[in-house]
Amino acid sequence: MTIQKIDVKYTAVATAENGRDGRVASDDGKLDVVVNPPKEMGGSGAGTNPEQLFAAGYSACFQGALGVVARREKADISGSTVTAKVGIGSTDAGGFGLEVEITASIPNVDAATAQSLVEAAHEVCPYSNATRGNIKVDLKVG
């Protein structure tokens, strides 16, 4: 797979302290959160966790990609939502891996159009492009 050169328009910067059991903050101060492992992974669950942050970013980015595709297709996606579920677990190689389920609800189009829009958004979304071939990503229309 060839790495594509991109014309970078913006670079986000965040710094973590104490890994999964500490704090993450952006350089501009707009994001500053306590992170803790979820109870399901033996943590306190008191703060957010990297998987929730990834799900938030992926769902927002995918919704944006859906908007790009909808404008091209002149489709009405008003009232639509995108939910990302990010699972983490052990891999066969002894490390950890992620999997994602993206569910888009697009009330103003028929099921076939919704499916087509979601598949096209998956080709446009930077998160989808970054994860393609690396983790399992299931697309659903609901």
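T103 has K140 in strand 6 as its bridge partner. Strands here, like helices, are DSSP runs numbered from the N terminus (E and at least two residues for strands, H or I and at least four residues for helices). The model is predicted, so local features need pLDDT of at least 70 and side-chain atom pairs count only at pLDDT 80 or more, while totals for chains, interfaces and linings use all residues. Residues are numbered from 1 along each chain as its sequence is written, and side-chain values use heavy atoms, with hydrogens and water left out.

Strand 5 and strand 6 run parallel and are joined by six bridges. Two strands count as paired if DSSP finds at least two bridges between them. They belong to an open sheet of three strands, ordered 4-5-6, with mixed pairing. Why is one side of strand 4 and of strand 6 left without a neighbour in the sheet? Strand 4 (81–90) and strand 6 (136–141) are at the edges and each has a single partner strand, so one side of each has no neighbour there. From one strand to the next, the twist averages 15°.

Now the helices. Helix 1, residues 50–73, packs on this sheet and touches strand 4, strand 5 and strand 6; contact means heavy atoms within 4.5 Å. The direction of helix 1 makes about 145° with that of strand 4. For these angles, axes are lines fitted to C-alpha atoms, for helices over the stretch in contact, and the range is 0 to 180 degrees between N-to-C directions. Helix 2, residues 111–124, lies across strand 5 and strand 6 and runs at about 150° to strand 6.

Four bridges join strand 2, residues 22–26, to strand 3, and R23 stands opposite V34 in strand 3. The hairpin of strand 2 and strand 3 has five residues between the strands, and G29 in that hairpin takes a positive phi near 80°.

Last, F96. Is F96 buried or exposed? F96 is exposed, at 61% relative accessible area, where exposed means over 50%, with a 1.4 Å probe and protein chains only. F96 sits in strand 5, residues 96–105.

Notes:
Buried means under 20% relative accessible area, exposed over 50%, partly exposed in between (1.4 Å probe, protein chains only).
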